[in-house]
Amino acid sequence: MSYRHLLYHAAGGVATLTLNRPERLNALTPALVDEAIEALGRVEADPDVRVLVLTGAGRGFCSGADLAGGQAERSPSAWAASLGPVGGYGRLILALHQCSRPTIAAVNGPCVGAGLGLALACDLRLASDRATFSAIFVRRGLMPDSGTTYFLPRLVGPDHALRLLLTGETVDAAEARAIGLVTEVVPHDELAARAGALAAAIAGGAYLAARNARQAVRRALAQDLATQLQTEADLAAQCFQSADAQEGLRAFLEKREPRFTGR
């Protein structure tokens with residue numbers, strides 16, 4: 001299947017979704033949002049895909065909603081409906097966050113507004129040294145949306161989150177790394193290769209163990225310690241029955257590197 005505003009590529013257990021409106025810094029339109037949601041469903045339906053990478057074409061990651069595309073003229077109720085969990089933008093953020101595969105945002109340039117929400121909804125964020133980040137909403141007189149008020153405090157703490165949300169200021173990649181907004185900063189020309197290598201390492205490792213570790217970390221944000229210990233025990237039991245766990249134990253006893261198959 002081909003898309004008008006999105007590029008989809010899958011190989012070696014890694015699916016890459018590239019927002020493809022470079023002339024508008026990959027600003028989101030209802031059509032692009034619909035295509036991205038459909039592509040995420042495609043990822044979920046493909047058993048060969050183990051990791052998802054999200055990036056942008058050209059010099060930007062995503063500049064947020066395309067307000068020049070007629071969306072600024074929406075009624076307040078229509079605008080609110082598009083942002084909720086069943087609306088276009090909200091549904092995309094939710095689908096990305098709930099993706100059953102580990103997700104990596106490869107942020108290659110400006111990451112603004114709803115585009116910031118997309119990056120935050122991913123598990124890991126790799127940033128080009130040319131990337132910039134802004135929760136720009138208040139500078140447009142708008143309420144922050146696209147999950148930014150949910151993700152930012154969890155990633156950078158309430159103080160930094162409120163500074164970014166209340167001012168809409170732009171931070172560069174180095175500051176984003178310093179406050180915990182991104183996982184790693186790499187030279188711009190090396191971003192795609194680094195994201196691919198990280199995705200391949202996850203896809204080619206003990207995938208069930210990695211997937212369960214991700215699930216446990218997400219549950220930990222909403223559970224007490226005793227409940228989390230039980231979650232770890234339940235997920236550990238699943239892993240222990242896997243072929244990868246048995247291979248890992250054999251490899252340890254035989255003093256060799258394990259050969260994982262993801263099963």
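**Close-up 1. Strand β4 and its parallel neighbours.** Strands β4 and β6 (residues 124-128) pair up in the parallel sense, with 4 bridges between them. Here a strand is a DSSP E run of at least two residues, a helix is an H or I run of at least four, and both are numbered from the N terminus; two strands count as paired if DSSP finds at least two bridges between them. Look for V107 sitting opposite A127 of β6. Strand β3 (residues 51-56) also runs parallel to β4, joined by 4 bridges, and L52 has T103 of β4 as its bridge partner. This is a predicted model, where local features need pLDDT of at least 70, side-chain atom pairs need 80 or more, and totals for chains, interfaces and linings use all residues. Numbering starts from 1 along each chain as its sequence is written, and side-chain values use heavy atoms, leaving out hydrogens and water.

**Close-up 2. Both faces of β4.** In β4 (residues 103-107), 5 of the 5 residues are buried, so the strand is largely enclosed by the rest of the structure. Buried means under 20% relative accessible area and exposed over 50%, with partly exposed in between (1.4 Å probe, protein chains only). T103, A105 and V107 cover one side, with I104 and A106 on the other.

Close-up 3. D244, E247 and A251 are the buried residues of α10 (residues 243-253). Down the helix axis they fall within an arc of 60° (taken from the directions from the axis to the C-beta atoms), so they line one face of the helix. They pack against α8 (207-220), contact meaning heavy atoms within 4.5 Å. On the face turned away from that buried side, F252 and L253 are exposed. Just after α10, K255 takes a positive phi of about 55°.
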